[in-house]
Amino acid sequence: MDNTQDTNLEGSRLILADGKTIGLSKYPTGLGSDELSSIKKIFLDLDNDGVNELLIQYYTGGAHCCTQNELFSQIEANKFTQTLSFLG
């Protein structure tokens, strides 16, 4: 399983569960500086099909703090669709 943090995703687009499209550099939105510094964008080939999925993890902060996990599947070059979202 390839587990690499990729920093060359410039121009990548995400299709969110609600159908909205957003640039990867703008996702996630609405976070403070502490939360923004916790963002991890990691490629993982979870289903062993030779195509990496994109896992985005970040700390939500606050009194009810958790790690938010967002999983995206690559549908074409530099384009990912949201597959799963969960707090952990």
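Predicted model: local features only at pLDDT ≥ 70, side-chain atom pairs only at ≥ 80, totals over all residues.
1. Start with Ala77, which sits in the loop between β6 (67-76) and β7 (79-87). Strands here are DSSP runs of E with at least two residues, helices are runs of H or I with at least four, and both are numbered from the N terminus. Ala77 is exposed, at 63% relative accessible area; the cut-offs are under 20% for buried, over 50% for exposed and partly exposed in between, with a 1.4 Å probe and protein chains only.

2. Residues are numbered from 1 along each chain as its sequence is written, and side-chain values use heavy atoms, leaving out hydrogens and water.

3. With 39% relative accessibility, Asn78 is partly exposed.

4. Asn48 also has a positive phi, about 55°, again without being a glycine. You'll find Asn48 in the loop between β4 (40-44) and β5, and it is exposed at 63% relative accessible area. For context, most residues other than glycine have a negative phi.

5. Now β4 itself: four of its five residues are buried, so the strand is largely enclosed by the rest of the structure. β4 pairs with β5 in the antiparallel sense over five bridges (pairing takes at least two DSSP bridges between the strands). Leu44 stands opposite Glu53 in β5.

6. The largest nonpolar core has 11 residues, among them Leu14, Ile22, Tyr27, Phe43, Phe72 and Phe80. Strand β5 (residues 53-59) gives the largest share, three residues. Such a core is a set of buried Ala, Val, Leu, Ile, Met, Phe, Trp, Tyr and Cys residues joined through side-chain atoms within 4.5 Å.

7. The whole structure has two aromatic pairs. Tyr27 and Phe72 are edge-to-face, 5.8 Å centre to centre with 85° between the planes. Tyr27 lies in the loop between β3 (21-23) and α1 (33-36), Phe72 in β6, 45 residues apart. Phe43 and Phe80 form a tilted pair, at 6.0 Å and 40°, and link β4 to β7. Both are buried. Rings of Phe, Tyr and Trp (its six-membered ring) pair with centres within 6.5 Å; planes under 30 degrees apart are stacked, over 60 edge-to-face, the rest tilted.
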